[in-house]
Amino acid sequence: MADNLTPQQLSAILAIAETFVPALTPDETAAAQQQIHSFASPPSAPSSVINEYLTTSSALSPEFAETMTTMLSRIPPHVRSSLGGFLDLMHENSNGGFVASFFTWSFSPFIHLPRQQRENILKGWRDSWFPSSRALFSGLKRLVLIAYLKAPPKALGYPLHKDVRPSSRPDMHNFSFHSFSGTAEVMDVDIVIIGSGAGGGVVAAKLAGLGKKVVVVEKGECIPVEQMPVEQLEHERLYDGETGVFVTADGKGAILAGSNWGGSTTVNFLGSLELSDDVRNEWSEVHGLSFASTEKFQACYDRCKAMMGVSTNAIEHSSNNQVLIDGARRCGFECKDIPQNTAGKKHTACGSFCGYGCCIGGKQGTAVTWLAEAEKKGVICIKECRVNEITFEENKATGLRATLSGGKELTIRAKTVVVSAGAIRTPCLLMNSGVEHPALGKNLRVHPAGFCVGFLHKRQTKAWEGSMMTAMVTKHSTTTNTPYWAKLINIPVNTGTTGFQLPWYSAAHWKANILRLEKSVWTCIITRDRDSGSVIANEAGEPIITYDLSAFDHANILDGIIAAIKVQVAGGCDEVQPILDGGETMVESYVPNPQTPLDERTKDPRFEKYLEMVRRTAIKWKRGNWTSAHPQGSCKMGADGETAAVDCRGRVRGYQGLYVADASLCPSATGVNPMLTTMALAEWVAGRIAEDIM
């Protein structure tokens, strides 16, 4: 049972779950079967497996209850408390029958209502004019369906991740992590680096050969390649946040950030992109990073690319990525291959599962490259070490205090402290340590994303097979003349990260529709955001993220969704479903005339009217929901001491011996996956540290 969640509350949430994904009645089963038969090609699962799936509900199983319990135990206490109060109203032991009736339109407890009546209540919340009711439906849908799809039913054809792990792998570096024996430990070093991701890993290797004693501490665990990809139910082993995701204070934004030995480089989708010349010039001319447009900074990029073997030479596009390429060409859009950090080798075996850790060791993240090199040169590596605060003598950084797994306290005394905890954690740690600067935690950019899903009914491969993310539409018909616009990429398809966003019109419709996930193409609209948010630390040092999606950036996401619909239709999709506001805004799908040649499909007057309808709907019902995997900018680097907390050498202003080297340095949004730029910035900062300490 979840902490502070009573058996009655758990009973109520399971009743809600069973309403979203129930065992269908004979009439509903017949309707679902008819819907399935209308697909251009049937699901790959045997009909007996599909029939069992339709007529049973895993939401009633002990395994699902355990999954739901685990998920609820990980949500923030204040959210769990609010949810618990609502669940009390849904349960028979509640004394709030009158209050509950405002939600259920019945004085009978929700859990005792007939299932069809409960479904009608969910539909009422979904379609309500009250934002709070719609948000309630959206939150419950997300919670239930993610839990349901993280251990997907066999009918979906999605394998357990352990079943895709190869029997043999190449030899990998085995880290000799530092061990501790006492109840409290003190360590004296020259340099301590907090974080092992794209920033910390690069800094560690760069400083390893200077004859200094260097230690890297990482909050997350080191997952052996033999356990990769981890199962979807183990998402939190790889990602930060209480539930494996950071959620904004208003609940509208969700941010993915790696938390493991190797950080986000362990889960990155292989994309390794440099800043455009326009953005480099902006950083140089507007923000005072004069080095950004120099050959010296380009050399930082080049060294990082060489370390990872970044190249486009070995790319084999999957059927999903081919849709993007073909659709962009037919639409006249600019589409380019995405350089991959795979040591110049083909990388198709992992499929979409590589986002949960590379099972063949081909992804050249920091654990495979820089950190391995650093340890070989004598750098001390410590995992599962949560840093509580950085220590100071006056304004001079002197080390840190941390807690190891098991509760043991660790003090590290150091002459130089490098913070590479990521754009969410770094400003919080600095604030929690007493660091003050008016710009600290501000300027948060996230690349807010939207989605569009298409279906290729006659495809020969499943959606999760083949290369993950190998092409990008860089410019399209709605690209503006400003430096801010949306780019299109096709993302990996995992059941627990995609399927919950599909529209839920009814239980029968959703259970039939999700069977097409194996035939789906998910296009992600990545927006270079002009406007920003902020992050501060609460009393416990945990992040409170504020980010209100501006009308300007929302309009760019919408332009990208319109472009994605065009690309998917022109790319050969048999049906296209825009995902507006994370699926909270309902909009019908579009089915092109299969008799129309692909080159002509976007010229159909019916299609033009459809695009107008999507745009009107998105503007009318704008919720401001978004998803992100690219947090950056919260410890801005710049020449202006008032607007930038960090100077152009990576030093935190007003403090000695304290540096930042991660994505939080970005003075404005990169506009592309920030991993490679973070590495180049870390290479630059490490060079400045070397100059300062030698």
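Which residues in helix 2 meet which residues in helix 3? Some notes on this, and on the sheet.

1. First, the basis. This is a predicted model, where local features need pLDDT of at least 70, side-chain atom pairs count only at pLDDT 80 or more, and totals for chains, interfaces and linings use all residues. Residues are numbered from 1 along each chain as its sequence is written, and side-chain values use heavy atoms, with hydrogens and water left out.

2. On the helix pair: Thr29, Ala32, Gln33 and Ile36 of helix 2 meet Ile50, Asn51, Leu54 and Thr55 of helix 3 (contact means heavy atoms within 4.5 Å; helices are DSSP runs of H or I, at least four residues, and strands runs of E, at least two, numbered from the N terminus). By class, that contact has four nonpolar, four polar and no charged residues (Ala, Val, Leu, Ile, Met, Phe, Trp, Tyr, Cys and Pro count as nonpolar, Asp, Glu, Lys and Arg as charged, the others, Gly among them, as polar).

3. Helix 2 (residues 26–37) and helix 3 (residues 47–55) pack at about 135°, axes 10 Å apart (axes are lines fitted to C-alpha atoms, for helices over the stretch in contact; angles run from 0 to 180 degrees between N-to-C directions). The two are therefore oblique to each other (under 35 degrees is roughly parallel, over 145 roughly antiparallel, 65 to 115 roughly perpendicular, the rest oblique).

4. Now the sheet: five strands, open, in the order 9-3-2-13-22, with parallel pairing (two strands pair if DSSP finds at least two bridges between them). Strand 9 (380–382) and strand 22 (658–660) are the edges, each pairing on one side only.
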